[in-house]
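Please open the structure in your viewer and keep the selection tool at hand. The tour below goes from stop to stop, saying what to select and what can be found there.

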Amino acid sequence: MTTKCLRILVLTCSTRPGALGPAVGGWLTDTLAPVAKELDVDLVPVAIGDLDLPFLDEEEHPSTGVHRHEHTRRWSRIVAEADGFVFVTPEYNYGMPATLKNALDYLGPEWAWKPAGFVSYGHTSAGTRAVQHAKQVVTTLRLVPLGSTVAIRIADAMRDDRFAPGPRHAEAAEGLLGELVRVAHALTPMRERGHADAVTGPLPGSYVRPLGPDDAAEVTVLQRCCWLEEALINDTLDIPALHETLDDVRAWLAEWDVTGLWRDGRLLGMVRTRRDGDNLHIGRLAVVPDLRGLGVGRWLLGRAESAAEGCRRVLLTTGVASHRNLALYQRQGYVVLPDPRDDGAVDLVKAVTV
């Protein structure tokens, strides 16, 4: 599961002139800024009034992801890039504002498998009836509403016509953010599986997606797990994958095209490729030990070879005593090059057929 910084949208929902919403949203982001930094969270304040969303005017159903208008496409990008949401909402007539309902209705897949927290404000009920109304809608969109909320009675939060909630409200807001971060991380595999870059993998419930620098921690663990066995087989610890730091791994993840196989937030395998003239170099083919013998390595090798279009040959390297690896590669048509190496490894080559 990626360790990238979470992007949390703080959405101010009221558009009424002179509404209290902007003050509530500003208080929330200011209050949570220190905690957000500790939790590696990027709080992004957005006001519905700044989105220029008319009442839903798209012809296609939101679930299709087909958006004709630029205001919808812009809203889609904002929501798709977020990992979770905090809705800052008033209560109008026992319900949420029409502006929030309209903003929700515009989109479909962009909302799915992301946590939703609520900060409500109002008079008698402190906006809680608006939250209950909104939860009926967001669950249909596969948003996951939190149990933690912040409910503010306006009369209790005003000081000389200035919005100034007390410490208990700040404590509740910090609790909400903490829960939101935990749920956002837990839902990451669900979000990734539905991502446009994700492809169904060879094992039930698995999927593949490109790996990048944010995945360095998981890649480092996988390498140590897999290449320790290689070190024992080849009687050497002089294997780069065993000694690379997180920064080293981040660096080559940025330079190579890397595919990772995932299931339920666990990195099961990976392979990397890089073109060099007429050659395609394949490396770091790895599968967790408990899943070997199920064809996963062969499947990952096939995906890597699919990048060889336009190349003359494919090159890869393994340990001279890594008989399991050698047998796999030779079954797939690779031939060991005769030139010896001094580091206890062997090079293999496979011609690309047109």
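In which sense do strand β12 and strand β13 pair, and over how many bridges? Select residues 279-287 for β12 and residues 313-319 for β13, and you will find that the two strands pair in the parallel sense over 3 bridges. Helices (H or I, at least four residues) and strands (E, at least two) are DSSP runs, numbered from the N terminus, and two strands are said to pair if DSSP finds at least two bridges between them.

Before going on, please note that this is a predicted model, in which local features need pLDDT of at least 70 and side-chain atom pairs count only at pLDDT 80 or more, while totals for chains, interfaces and linings use all residues. Residues are numbered from 1 along each chain as its sequence is written, and side-chain values use heavy atoms, with hydrogens and water left out.

Then widen the selection to the open sheet of 8 strands, whose order is β8-β9-β10-β11-β12-β13-β15-β14 and whose pairing is mixed. The edges are taken by β8 and β14 (335-336), each of which has a single partner strand, so one side of each is left without a neighbour in the sheet.

**A serine in a loop**

Next, select Ser-206, in the loop between β8 (199-200) and β9. Is this residue buried or exposed? At 4% relative accessibility, Ser-206 counts as buried, where buried means under 20% relative accessible area, exposed over 50%, and partly exposed in between (1.4 Å probe, protein chains only). The side chain of Ser-206 reaches the backbone oxygen of Leu-203 at 2.6 Å. Leaving aside residues up to four places away in sequence, Ser-206 touches Thr-200, Gly-201, Leu-261, Trp-262 and Arg-263, a contact being heavy atoms within 4.5 Å.

**The parallel sheet**

Move on to the open sheet of 5 strands, arranged in the order β2-β1-β3-β4-β5 with parallel pairing. Here β2 and β5 stand at the edges with a single partner strand each, so one side of each is left without a neighbour in the sheet. From one strand to the next, the twist averages 20°.

Within this sheet, select β3 (residues 84-90) and β4 (residues 115-122), which pair in the parallel sense over 6 bridges; Thr-89 stands opposite Ser-120 in β4. Helix α6, residues 167-186, packs on the sheet and touches β1 (6-12), β2, β3, β4 and β5, its direction making about 170° with that of β5.

**Salt bridges**

How many salt bridges does the structure hold? There are 16, a salt bridge being a side-chain nitrogen of Lys or Arg within 4 Å of a carboxyl oxygen of Asp or Glu.

Begin with Glu-70 and Arg-73, whose closest N and O atoms are 3.3 Å apart in a salt bridge. Both residues lie in helix α2 (residues 70-80), 3 residues apart, about one turn of the helix. Glu-70 is partly exposed, with a relative accessible area of 39%, and Arg-73 also counts as partly exposed, at 33%.

Then select Glu-192 and Arg-209, whose side chains meet in a salt bridge at 3.0 Å, N to O. Glu-192 lies in helix α7 (residues 188-193) and Arg-209 in strand β9 (residues 207-210), so the pair ties together parts that are 17 residues apart in sequence. Both Glu-192 and Arg-209 are buried.

**Two positive phi angles**

Most residues other than glycine have a negative phi. Select Asp-52, in the loop between β2 (41-47) and α2, which has a positive phi of about 55° although it is not a glycine. Asp-52 is exposed, with a relative accessible area of 57%. Finish at Arg-142, in the loop between α4 (128-140) and β5 (144-153), where phi is positive at about 65°.

Technical notes
A polar contact is a pair of N or O atoms within 3.5 Å; within protein, one must be able to donate a hydrogen and the other to accept it, and residues adjacent in sequence count only if both atoms are side-chain atoms. Axes are lines fitted to C-alpha atoms, for helices over the stretch in contact, and angles run from 0 to 180 degrees between N-to-C directions.
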